[in-house]
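Subject: Structure handover

Hi,

My notes on what turned up follow below it.

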Amino acid sequence: MRIGKYIYELDNKIYMPYVSSICGTYEAAGNLREFVDNVMEDDLWGCMTHEMAEIKMQKHIISQCLERAKIGESEVDCIIGGDLINQIVPTSYSAREFEIPFLGLYNACSTFGEAMIVGANMLSNHQNRVICVTSSHYATAERQYRFPLELGTQPTPSMQWTVTGAGCVLLDKNPSNSPYIARYVIGRIVDLQCSDANNMGAVMAPAAFDTIYKYFKESGESPDDFDMILTGDLGRFGMDTLHYLLLQADIDVPNLNDCGCLVYSKEQKAVQGGSGAGCSSLVFCEYIYKLFESGDIKRILFVPTGALLSKDSPLQGESIPAIAHAVVIEKQR
Amino acid sequence: MINSKEYAEYVSTHTQKSCEWKTLPIAFVVGGLICCIGQAFADLYTYLLPTWEKADIGALVSMTMIFLGGFFTGLGLYDKLGAVAGAGSIIPITGFANSIVSPAMEFRKEGIIFGTMAKMFVVAGPIIVSGVTSSAIVGIVYYIVGKV
């Protein structure tokens, strides 16, 4: 069913009976240390390269998710996922290990939201179960987007720290006592001509505003109808900016939170907070999902945000387009 | 929604900037210390090799400092210093060594030829090009001025 122009309500709820996540040691020492699911012993995790470690992370959590669900590979209809690396190599290579059809996606850090939307739509048709997975790794992202790891540069105060982490969720159309996807909004590209690749919060906040504003305007709901409005990886400055933009539009969101702000503690030198395709999936799977299970939250508006740049596009004088998808996730009271 | 001009103004006034009264003194002290280490080597070499010319001692000091920069990059310590010292550890010649050794290490995974050798100068390349170009220009000017 369609509400207004942008909101889609699923006729059949799409459940999330099982999740799995993994993070690096730095993330495991952060704010969410009590909720950690799996931790890698170090950034390489016994692999030759960091890319291979990222592949291993995805493989590990997909296998673990299947184990937890006690189902075989043949019972999953598709793996849907992505990451930040060129040609989404980590996801394709981890999917190589499974006898499961595969759809690779790229929406930068908002890929987890995109995967949920694509998955929910597939389950509204003929598929029964799909796995949504995204990952990011500090070392693979750093070498692709910025500088070699050993280069002695100083982080800009507006920068964010790429999360080493991955999360995967099993989407199932069979009802269960688990959180489910009720509605979604597909984001549109918003570009307010920011071109500073070291200030992603400023780049993405308008996209998050656009999606959240549309949701509240068209649904007639208010932020009070949610336990949490959770953005993907705006970081502290991005979140303040989103607050400002929403207040300008007369929407006060006291329950706004951000995965990038949640993941690291203030003492860790992660500057503005975490970012990356694994940021929202990690925080959702290791933390938010558990809040649903414990009954602390019943309904959230999950808004993963992404900045769709390459290393070269800002150098060529282009501004950075941003996107944010919204997914309403609920659990039966 | 806010237009891009207003937004750019909001972002530029609200984005956290480097705290210069904090970063500048650290850069000054660390950069100064690296130079003091270089001077110590110069004094040591002058003492050990009294027959050497001053320019040769200078070259020897540069080689030592380049080696040390590369060595501490290899140990994984120079980037930690750089995160605190900023320009203080980038500007001296040890920083130049770091900018060449770090990509050489990083891209080693793509092989010696297409990794290390091809990408060794991705960071230092612009410095080398501008250095060579400007020295050629200065050389030509010097030659012409000398003739006149």
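Two residues count as in contact if their C-beta atoms, placed from the backbone, lie within 7 Å. Keep in mind that this is a predicted model.

Chain A, domains. The assignment gives domain 1 (2-172) and domain 2 (180-330) of chain A. In contact across the two are 57 residues of domain 1 of chain A and 54 residues of domain 2 of chain A. On the domain 1 side, strand 2 of chain A gives the largest share, 12 residues. Elements giving two or more residues to that side include helix 4 (111-123) and strand 8 (165-172) of chain A. By class, that side has 30 nonpolar, 20 polar and 7 charged residues. The domain centres, taken over C-alpha atoms, are 17 Å apart.

Cores. The largest nonpolar core has 108 residues. A:I131, A:C132, A:C168, A:M204, A:A208 and A:A326 touch the most other members. Both domains of chain A give residues to this core, so it lies between them. Apart from it is another core of 7 residues, among them B:A97, B:I100, B:V101 and B:F107. Beyond its neighbours within four places in sequence, A:C168 is in contact with residues including A:V19, A:I61, A:I131 and A:C285.

Chain B, helices. The axes of helix 2 (residues 20-48) and helix 4 (residues 78-85) of chain B come within 8 Å and cross at roughly 135 degrees. These two helices of chain B are therefore oblique to each other. B:I26, B:A27 and B:V30 of helix 2 meet B:L81, B:V84 and B:A85 of helix 4. That contact has 6 nonpolar, no polar and no charged residues.

Best wishes

Conventions: Residues numbered from 1 in each chain as written. Chains lettered and ligands numbered in written order. Predicted model: local features only at pLDDT ≥ 70, side-chain atom pairs only at ≥ 80, totals over all residues. Axes fitted to C-alpha atoms, helices over the stretch in contact; angles between N-to-C directions. Helix = DSSP H or I, 4+ residues; strand = E, 2+ residues; numbered from the N terminus. Parallel < 35°, antiparallel > 145°, perpendicular 65-115°, else oblique. Nonpolar A, V, L, I, M, F, W, Y, C, P; charged D, E, K, R; others polar. Core = buried A, V, L, I, M, F, W, Y, C linked by C-beta atoms within 7 Å. Buried ≥ 20, exposed ≤ 12 C-beta atoms within 10 Å, placed from the backbone. Domains from an automatic or database assignment.
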